[in-house]
Amino acid sequence: MLYVEDNADNIHLVRRILRLRPHVELLVATEGDQALATAGESLPSLILLDLRLPGLGGQEVLQRLKSANSTSSIPVVVVSGDSGQTQHCTMLGLGAEQFLTKPFELDEFLAVIDRFCQPREVTFEDR
Amino acid sequence: MRWWRNRSIRVEGLLMLAAPILALVIVTGASLAVQAQERSGRQVAIAARALADTSQVVLDDAANAETSMRGYAASRDPQFLAPFTAASRQVSADVRSLIAAASTDLERSAVAEIAVAVQGEFTNLERIHSSVLAEAGAAELDALETGKVTMDQLRAQISSLQMAPSRMVLEKRAEITRLENAAQAIEIIGVTLGAMAGLAGVALFAGGVSRRVRLAADNAERLGQGEPLLPTPSSKDEFGNLSHSLIVARRLLATRLAELSAARDQAVVATQAKNNFLSRTSHELRTPLNAILGFAQLLEMAELADDDRDSAARILDAGRHLLNLINQLIDTAQIETGQLRLSVDRVEIQTLVTDVVTLMSPLAAASGIHLEHSANTRTLAALADPQRLRQILINLLSNAVKYNRHGGTVRLSYRACGPDDIEISVADTGLGLSAAEIERVFVPFDRLDADQGSIEGTGIGLPLALSLSEAMHGRIKVTSTPGSGSTFTVILPAAGRVDPDARPSLTIERLLGRQSPGSVANTDPFVVLYIEDNAANTRVLELFFSGWPGITLYTAATGRAGIDLFSGCRPDLVLLDLHLPDLPGDEVYMRLRAESESLTMQTPIIVVSADATPAAIGRMLTRGVNDYLTKPIDLRHLQNIVEALRRKKERTDSAAALHDPPRAPAKAVL
């Protein structure tokens, strides 16, 4: 999974949460260009995209991901502090799979991970 | 004219009255003079008559004496002497009367001559008497002759005396007549001139006054409407002062308006800035809050000592509370700037109430409050945004718990209120509110207990609940008995009963992932006109409406076809795409709107466009479109719109049918 986020605390948090899902490998990009590059190279199962990014904005990143052949099929879940419905709709319209409002509930977050990052081979139970 | 304008109204009025008053004085004077002349003429006539009468008496005395003496001379009979003797005795007194009656010098000299002549006559008559006694024939004849001459002379004198006064009376009469004529002429001229001068004065005064009053009134009205004043001729009288005051007022008003406008602009900018700040800050706050809540949740899951687990739970609680406050701030800011988006839907009240009570029970139990709700067997549904209605109820419930007395009760109940409304009430057993406090509870950031600081809160919960209710076409009612508790009641439009026979159509279910709306008994189809050139989009809406009984969809692929179809199918709703092959979307919209007005229909026109730029949306909303949907169409939203319109139409149709049963079928043409 690729997590695009510039806030260190939140990166740390997601890293900790993903200990609950050991089969998920976490890649991190802290800005837009880096996110596009990593996505193109690693072709993750899921991209978790924060909308507030330095440099290239989250919306721009989403549009580029969806317009590039290699990355257009990767599901993108948008994370934003903006709970407004307008933005919500815009993102879904641009091809985002789901919308998570910050701060997200742990259960909600795990549900997203479980929906898109199926374990390739079940090795052990996480809990 | 200028001189006249500068006089005060009092002076103008006096001047205006001066001419007729002057005329009246002249006329009165003339008539008094004539009267005085008449009086003096009458006195003169009386005096003349007296003189004439006395002179006649004297003449009679003399004539009697003459006749008596001549009779005696002829008959020598002393009997004839008696009248002579009587006249001789009488005459001196009569002559004295005559002298007294003379009033002018002329009369007095004439009277003196008469007196001398009378004296001479009587002396001559004595001489005749003595001649008769002495038998002196010649002397007697001579004396008789003299007497005749004297008598003729006296007669002539008295006649002349009598003539003079009557001439004078005639002269006086003529003079009076002349005077009367003159007075009459003066009166006529005076009255005519006075009336004319008076009329002219009144016309000048009243005309000037009314014209200037009208001008002043016009200017006062213009002042009220904020228009520039009409120029007024400068003058120094009352009207000049009035005009000047109006000009001063106008200047003052203009200054105040400018100040007010500047203040309003500032306020708008400030509000905008505040809301932007609130919105931005709130978003920024979410990022650290995400870490706080996330780690707290991880901690809760970890194997911790009880104390530590409790600490984690407290961090989580506080964090969630903070999040709630941030959300309320954002909502408030969005409502203020009109950016709040609602997704109005059919909400089952029973389900919602159970849900909310379950959610709030732990909080109530922790505060020792008994939370109960009345189960209503009737299935009721409201038209509301489910999330927002839930938010309102949670808000009211948490207030009812917070402001309750320890061990108190909070009761949640609901009922249908008439056919159109649904009431949901939250009653507490707290301290209650006074009328003044009820006014204040809906003022943002104005907490009743802010100074006590015993209960946490920002004071925006209730104002937000009210704003949200109003945005959903509802309201909140508060009743309270100080000392025994308050009841907050949310009133929302009803969504109608659930019809168990309404089977959801498969198409709609697949499209919407939910049940189709409760079908409404409707014989008159609800007509939708969709103007769109993209066949795929048309197909989507055909599918969407096909599973919906009672709705007829007409489609047009060009603007012109749409306009033509409009008058033919008289739709209840128009969905308009702005990018059409033949005409610009704005023009199609304007022509449809004009057509709708000329048919006295108020057809809602909703734009459906891929152009989601605020500029485009703003432009069309300014032009008066009823809504602006961006593509891809949010079908759920569209469904809510159509359902609301159908309900409205059904209500007006049934109302019209009640009032006017043999109503012409408007859509019979199709």
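## Where the chains meet

In this model, 17 residues of chain A are in contact with 18 residues of chain B, contact meaning that two C-beta atoms, placed from the backbone, lie within 7 Å. On the chain B side, the elements giving two or more residues are α6 (238–301) and α7 (306–336); helices (H or I, at least four residues) and strands (E, at least two) are DSSP runs, numbered from the N terminus. The largest share, twelve residues, comes from α6(B). By type, the chain B side has nine nonpolar, six polar and three charged residues. Here Ala, Val, Leu, Ile, Met, Phe, Trp, Tyr, Cys and Pro count as nonpolar, Asp, Glu, Lys and Arg as charged, and the others, Gly among them, as polar.

## A word on the model

The model is predicted: local features need pLDDT of at least 70 and side-chain atom pairs count only at pLDDT 80 or more, while totals for chains, interfaces and linings use all residues. Residues are numbered from 1 along each chain as its sequence is written, and chains are lettered from A and ligands numbered from 1 in the order in which they are written.

## The nonpolar cores

The largest nonpolar core holds 44 residues, and I349(B), A382(B), L397(B) and V410(B) have the most contacts inside it. Such a core is a set of buried Ala, Val, Leu, Ile, Met, Phe, Trp, Tyr and Cys residues joined through C-beta atoms within 7 Å, where buried means that 20 or more other C-beta atoms lie within 10 Å of a residue's own. Elements of chain B that each supply at least two of its residues include α8 (349–366), β4 (409–417) and β7 (485–493). The largest share, seven residues, is from α9(B).

Leaving aside neighbours within four places in sequence, V410(B) touches residues including A364(B), L397(B), V401(B) and V426(B). Apart from this core lies another, of 39 residues, among them V14(A), A35(A), L106(A) and I113(A).

## The sheet of chain A

Five strands of chain A make an open, parallel sheet in the order β2-β1-β3-β4-β5; strands pair if DSSP finds at least two bridges between them. β2 (27–29) and β5 (98–101) stand at the edges with a single partner strand each, so one side of each has no neighbour in the sheet. Within the sheet, three bridges join β1 (residues 2–4) to β3 (residues 47–50), and Y3(A) stands opposite L48(A) in β3(A).

Note on methods: Buried ≥ 20, exposed ≤ 12 C-beta atoms within 10 Å, placed from the backbone.
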